[in-house]
Amino acid sequence: MKLVYFAWVRERIGKAEEEIEVPSGVETIADLVHWLKGRGEEYAYAFEHDKVVRAAIDRRHASLDATVAGAREIAFFPPMTGG
Amino acid sequence: MSLSTIEIERYARHLVIREIGGPGQAKLRAASVLIVGAGGLGSPLIQYLAAAGIGTLGIADDDAVSLSNLQRQVMHGTPEIGEMKTSSAARGVERLNPHVRVRTHGRRITPANARDTISSYDIIADGSDNFDTRYAISDACFYEGKPLVTGALGVFDGSLTTIRAHEHASNGHWNPSYRCLFPAPPPPGAVPACSEAGVLGALAGVVGSLMAIEVIREIVGFGVGLVGRLLMVDARSMRFETIEYSWDERNPLTGSAG
């Protein structure tokens with residue numbers, strides 16, 4: 001599965017996208033975020049306020065309880081405030 | 001009232017576009033648009049909307065021009081340092097297009113004054129620099145039944161979308177609100193501000209100009225706008241991506257959490 005990161009999520013993780021094998025036990029976006037946060041400090045920092053970061057499955061906004069099975073791509077994008 | 005000879009010449013490159021033409025230009029002249037924030041996004045918004053001949057431009061900002069603004073806030077120049085941004089912008093509009101009437105609002109928009117401030121405008125463009133104003137404006141636009149074009153900047157990134165949360169989509173559901181996408185403001189300090197993190201100056205020009213296109217589209221009516229789509233601009237790798245979003249039954253305006 002492809003993961004795509006935008007804005008300050010990308011800046012904190014240090015990469016724009018990556019391919020992952022979804023580990024067993026990861027069924028929802030929330031599970032995926034929980035697993036990502038365990039992969040290193042940069043992920044923990046990106047998702048420190050994990051409800052603030054929004055997700056999209058195959059370019060469509062999805063809630064944290066949405067299931068990731070069958071998704072080709074999951075994107076994470078945060079709100080921005082600069083004007 | 002038909003366009004004068006000098007207006008026909010001024011707007012000639014819009015008038016020849018079939019999707020705009022005389023009727024579209026008349027709609028632009030009849031329209032009133034409130035621009036929230038006369039900074040990085042507000043600068044191109046004000047300039048392109050003034051040049052396009054919007055009849056009335058409202059400009060809301062409570063700040064004065066500072067030297068560190070000038071790297072991106074191209075509505076203002078060195079002589080305007082220390083002047084209120086509303087006053088600097090109003091003079092800029094007069095210089096660009098004397099046919100445009102300007103109204104200035106030199107105060108910060110809050111939940112308490114948002115509805116009053118927006119109520120006399122046809123459409124709102126939010127390029128403000130803080131979440132309190134963003135949520136106040138998007139909620140007020142729903143309650144007052146106003147279309148909203150909202151954009152934001154990060155360091156290398158921008159995003160924009162168009163909200164018509166007071167209307168229904170063709171599937172019978174409400175159109176999504178800003179809160180369907182971003183349900184609640186992040187905790188203070190969770191999202192870095194431009195003043196701390198920096199922002200690529202020309203990116204403000206890109207995103208603000210895209211917002212101006214959305215405003216003009218909403219007034220004239222052509223093509224397909226950004227209702228239900230968030231356009232994200234990644235200037236680090238030049239990726240332009242859109243994410244679709246829809247009405248969330250849990251949103252506090254038109255959903256069960258209301």
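Author: Chain A has three helices and five strands, taken as DSSP runs numbered from the N terminus (helices are H or I with at least four residues, strands are E with at least two). Walk along the sequence and you get the pattern β-α-β-α-α-β-β-β. Bear in mind that this is a predicted model, where local features need pLDDT of at least 70 and side-chain atom pairs count only at pLDDT 80 or more, while totals for chains, interfaces and linings use all residues. Residues are numbered from 1 along each chain as its sequence is written, and chains are lettered from A and ligands numbered from 1 in the order in which they are written.

On to the overall shape. The C-alpha trace of chain A spans about 40 × 25 × 20 Å along its principal axes. Of the 83 residues in chain A, 41% are buried, meaning 20 or more other C-beta atoms, placed from the backbone, lie within 10 Å of the residue's own.

Now the side facing chain B. Here 20 residues of chain A are in contact with 33 residues of chain B, a contact being two C-beta atoms, placed from the backbone, within 7 Å. α1 (7-13), β3 (54-57), β4 (60-62) and β5 (73-77) of chain A each supply at least two residues of that side. The largest share, three residues, comes from α1(A). By type, the touching side of chain A splits into 11 nonpolar, five polar and four charged residues; Ala, Val, Leu, Ile, Met, Phe, Trp, Tyr, Cys and Pro count as nonpolar, Asp, Glu, Lys and Arg as charged, and the others, Gly among them, as polar.

Key: Buried ≥ 20, exposed ≤ 12 C-beta atoms within 10 Å, placed from the backbone.
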